[in-house]
Amino acid sequence: MIQKLKGFFKTIGPGFIVAAVVLGPGSITTSTKIGATQGYDFLWVILIAAISMAVYSNMSTRFGILHSASILGKIAEKYGRWFAALIGISSFLAALSFQFGNNLGVGMGMEALTGIDAKLWPLLFTPFAIILIFFAKNLYKTLEKLMMFMVILMIAAFIVNLIFIKPNLIATAAGFVPSRFSMDNFSQFSAIVGTTFVLHCAIYQSYLVQKKGWKLEDKDKGIKDSNFGVFLLALMSVLVIVTAAATLKPLGITVNSAAEMAIQLEALLGSYAKYIFALGFIAAAFSSLLVNAVIGGGLLSDGLGLGRSMDEKMPKAFTVLILLAGMGIAMYVTSDGGSAVYSLILAQASSMLAVPLIAIGLMLIANSKDVMGDYKNTLLQNLLALIGFVLICVLVYIMYGKLIGYFSGM
């Protein structure tokens with residue numbers, strides 16, 4: 001049994017990295033806020049978003065297994081450099097939305113741990129991340145192991161905690177049945193989709209698969225890894241929502257800080273909950289901060305035809321740019337004393353604004369017979385991909401309308 005588990009963990013990698021990037025502070029904060037305010041009602045949203053994420057991640061995985069060329073390089077070759085560049089820019093903007101959320105998460109966690117203002121911590125962690133980008137050796141392998149450990153540890157803590165809090169199982173099951181939602185909750189609804197169905201991470205899956213060295217004979221292994229990563233991501237969101245619904249909602253806690261989020265784990269960890277939750281929150285934020293920047297910078301560089309490897313100059317330059325921009329935006333949005341929790345949710349929701357182009361690029365390449373051969377999308381895969389695409393487009397349309405209304409009223 002132990003040998004089987006060792007063998008299993010040796011085969012996984014890219015799916016865990018994607019899950020850990022997405023499973024950052026924004027995901028935890030959004031899920032906690034929704035559970036605390038809406039109870040179990042939004043669990044069905046995670047199910048739909050997770051299926052959509054799995055479909056697009058599988059497209060990317062199949063491409064990475066079949067080709068040594070990058071997916072944006074192939075899109076540029078087949079559909080034009082302009083299209084690849086637009087996808088690269090869209091990926092950069094989506095990653096930037098996540099990035100300032102990651103900075104906020106680092107600050108919130110450190111403030112809960114030390115009492116020092118959250119705005120100061122990005123000034124320390126961002127330079128540290130830049131140093132790692134330029135000087136860390138075997139960064140991929142180190143991050144793969146670190147993220148695997150963090151994801152499993154966080155999920156285990158919430159599962160054990162559920163035994164103590166005894167959530168309402170009937171209400172939990174009912175939460176997976178689609179129901180109406182009010183436009184007053186639109187930002188939270190969009191955020192939970194945006195933090196689960198993350199297309200710039202889905203398209204980057206192909207790069208991670210190529211980095212792993214998987215080929216056609218590893219196809220089944222790659223698809224299982226991709227699906228397992230999405231499953232872990234969805235599972236964590238479900239666990240946090242259920243935990244918050246069972247612990248925070250009855251107390252009327254609406255969640256305005258990391259310390260309030262930590263109350264979820266008090267049944268298991270008691271007075272240590274605040275500190276252990278803060279450490280986990282910081283680890284999730286920093287690991288996501290680092291790799292999300294690599295993803296956004298790498299995709300922008302490759303989309304513009306300026307290089308795809310982190311050994312090259314331009315991917316590193318764009319990665320540093322997104323690290324600095326994320327830090328600057330995070331410090332700006334909290335400079336007037338605004339809510340870090342609200343800003344995190346807004347960051348997750350706004351990450352969807354640029355992603356429809358990424359979905360189009362993935363669907364086009366995955367349906368190309370001369371690119372994918374016998375491994376192009378099936379009818380079922382296209383149907384599921386279309387459902388996910390329509391979901392994103394509808395949410396983006398409504399969000400653009402809200403933004404136009406907001407700026408018109410200024």
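These are my notebook entries on a predicted model of a single chain.

**Entry 1: confidence and overall make-up**

I began with the confidence values and noted that the mean pLDDT of the chain is 80, with 82% of its residues reaching 70 or more. Among the elements of the chain, helix 5 (residues 71-79) has the highest mean pLDDT, at 94, whereas helix 17 (residues 340-350) has the lowest, at 53. I then looked up the secondary structure and found 20 helices and zero strands. Of the 410 residues in the chain, 57% are buried. For contacts with a separation of 6 or more, I noted that 86% are between residues 24 or more positions apart.

**Entry 2: a buried serine**

I next looked at Ser206, which lies in helix 11 (residues 199-212). Ser206 has a relative accessibility of 0%, and therefore counts as buried. Leaving aside residues up to four places away in sequence, I listed Ser60, Phe63, Gly64 and Ile71 as the residues that Ser206 touches.

**Entry 3: the surface**

The chain exposes about 17,100 Å², and I noted that carbon and sulfur atoms supply 68% of this area. I also found a nonpolar patch on the surface, formed by Trp82, Leu86, Ile89, Leu93, Leu304 and Leu306, which together have about 540 Å² of accessible area. One of these residues, Leu86, is found in helix 6 (residues 81-114), and I recorded Leu86 as partly exposed because its relative accessible area is 36%.

**Entry 4: salt bridges**

Side chains of opposite charge can pair when their charged atoms come close, and I looked up where this occurs here. The structure holds five salt bridges, of which I followed up several.

Glu77 forms a salt bridge with Lys74, with 3.8 Å between the closest N and O atoms. Both residues lie in helix 5, three residues apart, which is about one turn of the helix. I noted that Glu77 is exposed, at a relative accessible area of 63%, whereas Lys74 is buried, at 15%.

Asp370 and Lys78 meet through their side chains in another salt bridge, at 3.1 Å from N to O. This pair links distant parts of the chain, since Asp370 is in helix 19 (residues 369-372) and Lys78 is in helix 5, 292 residues apart. Asp370 counts as exposed at 61% relative accessibility, and Lys78 counts as partly exposed at 36%.

Lastly, I looked up Lys369, which forms a salt bridge with Asp374, the closest N and O atoms being 3.3 Å apart. Lys369 is partly exposed, with a relative accessible area of 48%, while Asp374 is exposed, with a value of 68%.

Definitions and conventions: Residues are numbered from 1 along each chain as its sequence is written. Side-chain values use heavy atoms; hydrogens and water are left out. pLDDT is the predictor's confidence in each residue, from 0 to 100. Helices (H or I, at least four residues) and strands (E, at least two) are DSSP runs, numbered from the N terminus. Buried means under 20% relative accessible area, exposed over 50%, partly exposed in between (1.4 Å probe, protein chains only). Contact means heavy atoms within 4.5 Å. Accessible areas come from the Shrake-Rupley method with a 1.4 Å probe; for residues, only the protein chains shown count as cover. Patches are made of residues with over 30% relative accessible area and no salt bridge: like charges are joined within 9 Å, nonpolar side chains (Val, Leu, Ile, Met, Phe, Trp, Tyr) within 5 Å. A salt bridge is a side-chain nitrogen of Lys or Arg within 4 Å of a carboxyl oxygen of Asp or Glu.
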